[in-house]
Amino acid sequence: MTASLPSHADIEAAAHTVYQDFAATPQYRWGLLSERLGAECWLKHENHTPVGAFKIRGGLTYFAQLAARNALPQEVVSATRGNHGQSIAWAARRHGVRCTIVVPHGNSVEKNAAMRALGANLIEHGDDFQAAREHAIALAAERGAHMVPSYHTDLVRGVATYWWEFLRAVPRMDVAYVPIGMGSGACAAIAAKLALQHPVRIVGVVSSHATTYRDSLAAGRVVEAPVSTRIADGLAVRQADAGALAVLQQHLDRIVTVDDAAIGEAMRLLFTDTHNTAEGAGAAALAAALQDRATLRGQVVGLPLTGGNVDADAFARVLQGGDH
């Protein structure tokens, strides 16, 4: 087991924590998606969690680990484009901890509203996630609050529970595609694969308009890259996390890039074929699989619908054929 990843026992314990708040999410084999790919296509519905995205699992286990160490703070601060922030706000509320979340200007209106509804004090700062993150770190230091990072082993521990569910449900899975934002999802997939000794190949997916992980994997070190995606805010990361990068370098099968147009098309197909709403990052795995379909024929393919939190007006534009 890679030292920086949770073990099988860690993931099982995390599942016990997660299931106190909600049940395992479903995974279905969708016929129309399978026809499109020429492969047996399974979709993991992380859009069905109480915050509409997989991140809640990480927040719950991060706070559970703080509680286990008798280290719960009075206040936490974190930065997000939305789903991580909802996760932290949910878990902070559960443990009676004050929560401040920093988002960049122009962030999703509906994600912002959801975080406020969970009790978060929301601050808008900067033009992108990295600027919001740097402000959050400074704010936490100034207030003496606990800064919750976007990538941490205790977050991965919880996120791995959805891959643990998925891989046990589909033992014949040949390949899984996983979008990479800050890296907890992809590292969690690797952790579950290793814990279960599952033969699945893990393929990372990044936006061609936010390539820090692709560039960093190629260079063998963190390489900052500009962000210009208009549709996949969950992938809109300017600077890879060094800890996540180390795990991905060792265990990721390969990486695929998808542009906004491909993600928009995948969002439309997920709606027409399954009648589920996917945000941009939530559709990235399908976009990548469609790009690879010539090599997937006859295989068993696993795709996470990682989140469905897209603003109504943005989703309407996508359904009408726009990519943003």
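**View 1. Ala79 and its bridge partner.** In β4, Val102 is the bridge partner of Ala79, as seen in this predicted model. Strand β3, which covers residues 75-79, and strand β4, which covers residues 98-103, pair in the parallel sense over five bridges.

View 2. Four strands form an open sheet with parallel pairing, and their order is β5-β4-β3-β6. Because β5 (121-124) and β6 (146-147) stand at the edges with a single partner strand each, one side of each is left without a neighbour in the sheet. Helix α6, made of residues 129-143, lies across β3, β4, β5 and β6, and runs at about 160° to β3.

**View 3. The largest cavity.** The model holds two cavities of 30 Å³ or more, and the largest has a volume of about 360 Å³. Its lining is made up of 29 residues, of which Lys55, Gly181, Met182, Gly234 and Leu235 lie nearest the centre of the cavity. At least two lining residues come from each of α4 (83-95), β7 (175-179), α8 (184-196) and α12 (280-291). Sorted by class, the lining of the largest cavity has eleven nonpolar, 13 polar and five charged residues.

**View 4. The second largest cavity.** The second largest cavity holds about 40 Å³ of space, and the residues that line this cavity include Lys55, His84, Ser150 and Val159. Helices α3 (56-68), α4 and α7 (153-169) each supply at least two residues of this lining, which divides into two nonpolar, six polar and one charged.

How values were computed: Residues are numbered from 1 along each chain as its sequence is written. This is a predicted model: local features need pLDDT of at least 70, side-chain atom pairs count only at pLDDT 80 or more; totals for chains, interfaces and linings use all residues. Side-chain values use heavy atoms; hydrogens and water are left out. On a 1 Å grid over the protein atoms alone, a cavity is a set of points where a 1.4 Å probe fits but cannot get out, and a pocket is an open set with protein on both sides within 12 Å along at least five of seven lines; lining residues have an atom within 4 Å of a point. Grid points are joined across faces, edges and corners, and a volume is the space filled by probe spheres set on the points. Ala, Val, Leu, Ile, Met, Phe, Trp, Tyr, Cys and Pro count as nonpolar, Asp, Glu, Lys and Arg as charged, and the others, Gly among them, as polar. Two strands pair if DSSP finds at least two bridges between them. Contact means heavy atoms within 4.5 Å. Axes are lines fitted to C-alpha atoms, for helices over the stretch in contact, and angles run from 0 to 180 degrees between N-to-C directions.
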